[in-house]
Amino acid sequence: MLHIKKNDEVLVLTGRDRGKKGKVLRLYPGGDRAVVEKINMLRKHTRPNPQKNIKGGVVEKESPIYLSNLMVICRECDKPTRVGHAFLSDGQKVRICKKCGGTLDK
Ligand SMILES: [Zn+2]
């Protein structure tokens, strides 16, 4: 089971965006990388091409970041935390915050 899911709030632990927070926009196939809003922005230069009506210039786009560089921020205690797992009384598996014990899946 993945410890990070889409729409999670995460903290970046390493790299250029270390210390920044963002929302997980999507997970990459394979499950080892994620695209996080405004994190790991890649500047892409495009050449103008009038025939294709492309203006050219610099486009900024998120590039994927490894999940091992991310930590989930708990919505209950608002702190970056390691993720544990627990079962609800109905047998459903949920992720829990190791700091406050709150549920990460709502
Ligand atoms: Zn917590």
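**View 1. Val24 is a buried residue of strand β2.** Val24 has a relative accessible area of 0% and is buried. Buried means under 20% relative accessible area, exposed over 50%, and partly exposed in between, with a 1.4 Å probe and protein chains only. The residue sits in strand β2, residues 21–27. Strands are DSSP runs of E with at least two residues, helices are runs of H or I with at least four, and both are numbered from the N terminus. Neighbours within four places in sequence aside, Val24 is in contact with Ile4, Lys5, Lys6, Asn7, Asp8, Val10, Ala34, Val35 and Val36. Contact means heavy atoms within 4.5 Å. Ile73 is 49 residues from Val24 along the chain, and their C-alpha atoms are separated by 11 Å.

This is a predicted model: local features need pLDDT of at least 70, side-chain atom pairs count only at pLDDT 80 or more, and totals for chains, interfaces and linings use all residues. Residues are numbered from 1 along each chain as its sequence is written, and side-chain values use heavy atoms, with hydrogens and water left out.

**View 2. Four cysteines coordinate the zinc ion.** The SG atoms of Cys74, Cys77, Cys97 and Cys100 coordinate the zinc ion at 2.2 to 2.3 Å. Donors are N, O and S atoms within 2.8 Å of the metal (3.2 Å for Na, K and Ca); water is not among the atoms, so sites may look incomplete. The angles among the four donor atoms are 105 to 116 degrees, and the site is tetrahedral. Four donors count as tetrahedral if all angles lie between 85 and 135 degrees. Along the chain, the donors of the zinc ion follow the spacing C-x2-C-x19-C-x2-C. Cys74, in the loop between β7 (70–73) and β8 (80–81), and Cys100, in the segment after β10 (93–97), link distant parts of the chain, 26 residues apart. Cys74 counts as buried at 1% relative accessibility. Cys100 counts as partly exposed at 38%.

**View 3. Arg95 and Asp8 form a salt bridge.** Their side chains meet at 2.9 Å, N to O. Arg95 lies in strand β10 and Asp8 in the segment before β1 (9–12), so the pair ties together parts that are 87 residues apart in sequence. A salt bridge is a side-chain nitrogen of Lys or Arg within 4 Å of a carboxyl oxygen of Asp or Glu. Side chains of opposite charge can pair when their charged atoms come close. Arg95 is buried, at 1% relative accessible area. Asp8 is buried as well, at 3%. A network of salt bridges links Lys5, Asp8, Arg75, Arg95 and Asp105. The structure holds six salt bridges.

**View 4. Glu60 pairs with Arg43 in a salt bridge.** The closest N and O atoms of Glu60 and Arg43 are 3.1 Å apart. Glu60 lies in strand β5 (residues 57–62) and Arg43 in strand β4 (residues 41–46), so the pair ties together parts that are 17 residues apart in sequence. Glu60 is partly exposed, with a relative accessible area of 43%. Arg43 is exposed, at 54%.

**View 5. Asp17 and Lys20 meet in a salt bridge.** The N to O distance between the two side chains is 2.9 Å. Asp17 is buried, with 8% relative accessible area. Lys20 is partly exposed, with 42%.

**View 6. Asn53 has a positive phi.** The phi of Asn53, a residue other than glycine, is near 60 degrees. Most residues other than glycine have a negative phi. Asn53 is placed in the loop between β4 and β5. At 69% relative accessibility, the residue counts as exposed.

**View 7. Asp78 also has a positive phi.** Its value is near 60 degrees, again in a residue other than glycine. Asp78 is found in the loop between β7 and β8. Asp78 is exposed, with a relative accessible area of 56%.

View 8. The C-alpha trace spans about 60 × 25 × 20 Å along its principal axes. The radius of gyration is 18 Å, whereas a compact globule of 106 residues would have one near 13 Å. This radius is taken over C-alpha atoms, and the globule rule is 2.2 Å times the number of residues to the power 0.38. Of the 106 residues, 27% count as buried.

Key:
Four donors count as tetrahedral if all angles lie between 85 and 135 degrees; four count as square planar and six as octahedral if opposite donors are over 155 degrees apart and all others between 65 and 115; anything else is irregular.
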